[in-house]
Amino acid sequence: MIPAADQVEMYRLMLLIRRLEERVAEMYSEQRIGGFTHLYIGQEAVAVGAITALNHDDPVIDTYRDHGHFLARGGDPRRFMAELFGKATGICRGKGGSMHLADVERYFYGGTGIVGGSIPIAVGLALACQYRGDDRIVVCFFGDGATNQGVWHEALNFAKLWSLPVIFICENNFYGIGTDVRLSSSLSEVHKKASGYGMPGFRVDGMDVLAVRQLCEEVVKTVRGGAGPVLIEAVCYRYQGHSMTDPGRYRARAEEELWRKRDPIPRLAKSLVGDAITTDERLHEIEREIEAATEDAVAFAESSPDPSPESLYEDVHSERHPGDPHA
Ligand SMILES: Cc1ncc(C[n+]2csc(CCOP(=O)(O)OP(=O)(O)O)c2C)c(N)n1
Ligand SMILES: [Mg+2]
């Protein structure tokens, strides 16, 4: 049984991601946010269920669809919004933007625009954990499209061969931009690909945060215990287009409506109240707190300074982060 306080916190995190991203969509339409932006709306249960099953210092690494994971990891909403606005107060001083949120102090090694690009880096992080003999494990998030990249196969092969402490989490939302997974992948049930590398593969309902958390807790235990890597396929759906500029005409409206009925947020609210874990009043209070935090994040971003022209020459080469044993 997942502790009551954890369940309420998972509700808060999913709602925080949802509300902040709704504001991101508005701000993007008003051209206050530039560049590419990929919304995570619909998939919140995967990031929240998985990341809350980890220790705070287990490294997490991600794709360009990284808002949800950054926030689930405890990232600051103000510095999140400021980063998207390209402001100096952003988590990467306004130089990363939506696709490259990174927060090394929270062991969040960030997003990348390269499909599959973070997967070998995750394996490197896991090799570092093993080499140092600490008991940390790495979690790597990616989409169904990434599992057809050559680098994915090399990384999984190496991870198994060296029995590395890494959990690969594929968020199978059935599309890579506009391409149906059945048209791009020889095996559209991604978890079955694990058998090609002799590692366990699991499939979970990625619209059910409690199911994701439950499975991840079990898998985290075995991986931390030294059993080697695992692949999890979380079946989910993104409600919006691939990015802010994609109207998503390749999907049937009926399909979209079907998935919206499985929305993880009201689903958890229902069980929280139904199982007397919390009250409707408390959930409304959380909603109000999140609305205030969202407005505060936008106001902070708006009133923050742009990066100075001189700062272009800063952060070009990485420096060791004192608190980061992986640096
Ligand atoms: C190496 C590489 N090839 C192609 C692209 C263009 N591209 C960007 S996103 C994307 C689709 C990826 O889909 P998926 O992995 O399923 O992730 P999702 O967007 O569904 O979260 C592609 C092909 C890229 N960014 N990098
Ligand atoms: Mg996809």
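An oxygen atom of ligand 1 has a backbone N or O atom of A146 at 3.2 Å, a polar contact in the sense of a pair of N or O atoms within 3.5 Å. The protein covers 71% of the 590 Å² of accessible area that ligand 1 has on its own (Shrake-Rupley method, 1.4 Å probe). This is a predicted model, in which local features need pLDDT of at least 70 and side-chain atom pairs count only at pLDDT 80 or more, while totals for chains, interfaces and linings use all residues. Residues are numbered from 1 along each chain, chains are lettered from A and ligands numbered from 1 as written, and side-chain values use heavy atoms, without hydrogens and water.

A polar side-chain atom of Y64 lies 2.7 Å from an oxygen atom of ligand 1, and G113 brings a backbone N or O atom to 2.8 Å from a ligand nitrogen atom. Y64 and G113 also belong, with R65, G145 and Y175, to the nearest of the 15 residues around the ligand (a heavy atom within 4 Å). That shell holds six nonpolar, seven polar and two charged residues.

As for the space itself, ligand 1 takes up the second largest pocket (more than half of its atoms within 2 Å of the grid points). On a 1 Å grid, a pocket is an open set of points with protein on both sides within 12 Å along at least five of seven lines, probed at 1.4 Å, and lining residues have an atom within 4 Å of a point. The pocket volume is about 390 Å³. Its lining counts 27 residues, with Y64, R65, V115, G143 and H242 closest to the centre. β2 gives the most, three residues.

Terms used: Polar contact = N/O pair within 3.5 Å; in protein donor to acceptor, adjacent residues only side chain to side chain. Nonpolar A, V, L, I, M, F, W, Y, C, P; charged D, E, K, R; others polar. Points joined across faces, edges and corners; volume = space filled by probe spheres on them. Helix = DSSP H or I, 4+ residues; strand = E, 2+ residues; numbered from the N terminus.
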